[in-house]
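Please consult the sequence and the model shown here alongside the text.

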Amino acid sequence: MQIPRLHPDTIEEIKQRADIVDVVSDHVVLRKRGKDFVGLCPFHDEKTPSFTVSQSKQMYYCFGCQAGGNAIKFLMDVGKHSFAEVVLDLARRYQVPVQTLAPEQRQELQRQISVREQLYEVLASTGQFYQHALRQSQGQKAYQYLQSERQLKEETIQQFGLGYAPAGWETLHRYLVEDKHYPVQLVEKAGLIKPRKEGGGYYDVFRDRLMIPIRDIQGRVIAFGGRTLSEEQPKYLNSPETELFSKGKTLFALDHAKDGISKLDQAVVVEGYFDAIALHAAGITNAIASLGTALSIEQVRLILRYTESKQLVLNFDADKAGNIAAERAIGEIAELAYKGEVQLKILNIPDGKDADEYLYTHTPQDYEQLLANAPLWLNWQIDQIIQNRDLKQATDFQQVSQQVVKLLKNIDNSDTRNYYVSYCAEILSLGDTRLIPLRVENLLTQIAPTTATRNKPSSGKKKWGGGKSPQSAVASDRSLLELAEALLLRIYLHCPEQRQVIFNTLEERNLEFSLSHHRLLWQKILGSTGEQVDFVSSLQDRYLELSEEIESVSHLFHVNEKSKQEMLRTPQVVQAAVACMERVLIEKRYRYFLELWEQTDSEAEPEKWQSYYQSFYNEKMRLQELDRQRQFSITDLL
């Protein structure tokens, strides 16, 4: 469906009500520094905070990757949502009435908001229903299971909203549809009921199961996990994917754990719901569960927003199945670990126990000691390679050596790779220190091809015309044009006193922005009016609606005082940027006429030959004049 254009009054009211610190804090751990807040940027990996949030300006800006904007832009980028989705969600969150430019579209837009609101409401009501059922006679078996087998106190049961789904096929359906009068289609959309294949009607997805609510980062119920209390399979059943719930983008108990992760600067990922619940009950509040899937990049980046050291501990069973689960859970994040972008550790609890079982017979302090001693992922991998191997046997030694070399080849960071070369050489030397240098040399020789390929400079094409190949010349033209146009647009946006000068100069020289994303922004600018603050802010709001184009120009909406002063350090800076733009166009014309001149026979067509010569000569003179005007380095100004 085509999203209707939102009324500027609605966008402005949302911006007024949605506090930037409140919005960003759901995703980034912020610390007060002076009048602003700082934290680790969620848009690129960094160890030192360069992400700044200004409450007074209601803007954020990263000095590392230049990401910036308002609350709407932040949620669009961090969640990969469209402008309309973010606005609708903020409107619901801050109870802002929604208007569109077309009155007849308002009803449909309000319906979209209403559907999401009702889904949250249906799921919240379902959670309350399950909690109530747990304390009825029909839920006694489930309640006793929690208290006896899981050893959970009432406080923990309430904290996590644990409940019970009655055994009947339509118990929840009747409650929600007949008693609460929710539309049956809405209940189905929430993933709670399914249509019968025969005979019509619906049946409950969860029946006779212990119910665990799955919440989003704001603590709203978005799905459920159900554990069977009988021999029914599967043992654990999750809600299907819905508009609110995506298994690969959700982590169980993160709403409870985010503060603990930030405080302890470490996140512990366990396999099951009850492992996470048991850890929280024991006071270990930085634990989350992965919902039984391999960790996705989205999940990992979600976790790492709350830890400055990027420390992640995977806690799975120490048996073979647990090791397989750990390897599966690592999934996509192996590359991040090899690059050193995440401090990944593996905790295998002795005797093949999971966290829940371990805490039955050990103290929380014992578990914390296990966390402290957990090996880095690379060390754990090496331990797995040499486990049950006799390195005195030639076959085992050869197989271990081959696997170690394969592992070392994957390590990108040279310092880390050199450390592990020495570490593995010591293992392979079997305690004979005299052999260590030889083992190091052997390992380096075997991993050298990969290292050499990684560091080998790309071969260049044959030099052409002034040291540039045709391909590099085109790339250079594109880069110069991109930088010059971007600089001019940035000056126009943030330096009101230069706007008329820029407009007049472009008009006089009959220049247009060549790159489509710059041309689109210029068209938006020409169609806008207003003072600097309102002008830039309202322009950005309208531009956010064009989600596909915003990424290529979003950095132009933001500038710090230092770079602003740099842009304005001389009145000739605009002239220099315009000269760069014009030079790219003149360069193309120069090459065009030069090629025509070289291809023309001076004796057969003397007039054409002379005309082409004069044309390319004139363009060459113009190029020299533009070079004199380009007094500043565009790359230094951006």
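Accessible areas are computed by the Shrake-Rupley method with a 1.4 Å probe. On that basis the chain of this predicted model exposes about 31,900 Å², and carbon and sulfur atoms supply 48% of that area. The chain has 638 residues, of which 48% count as buried. Its secondary structure consists of 29 helices and 15 strands. Where contacts join residues at least 6 apart in sequence, 66% of them link residues at least 24 apart.

Just after helix 11, Gly 283 adopts a positive phi of about 90°.

Most residues other than glycine have a negative phi, and most peptide bonds are trans. Against this background, the peptide bond between Gln 233 and Pro 234 is cis, with omega about 5°. Pro 234 belongs to the loop that connects strand 10 (221-228) with strand 11 (236-238).

Two residues other than glycine have a positive phi. For Asn 388, phi is near 60°; this residue lies in the loop between helix 17 (377-386) and helix 18 (394-409). Asn 388 has a relative accessible area of 77% and is therefore exposed, the threshold being over 50%. For Leu 430, phi is about 55°, and its place is the loop between helix 19 (414-428) and helix 20 (436-455). With a relative accessible area of 46%, Leu 430 is partly exposed.

The cysteines remain to be considered. A disulfide is a covalent bond between the sulfur atoms of two cysteines. With a cut-off of 2.5 Å between the sulfur atoms, the count of disulfides is zero. Cys 65 is in no disulfide, because the nearest cysteine sulfur, that of Cys 62, is 3.7 Å away and the criterion requires a pair within 2.5 Å. Cys 65 is partly exposed, with a relative accessible area of 29%, whereas Cys 424 counts as buried at 1% relative accessibility.

Notes. Residues numbered from 1 in each chain as written. Predicted model: local features only at pLDDT ≥ 70, side-chain atom pairs only at ≥ 80, totals over all residues. Heavy atoms only, no water. Helix = DSSP H or I, 4+ residues; strand = E, 2+ residues; numbered from the N terminus. Buried < 20%, exposed > 50% of the residue type's maximum accessible area, 1.4 Å probe, protein only. Contact = heavy atoms within 4.5 Å.
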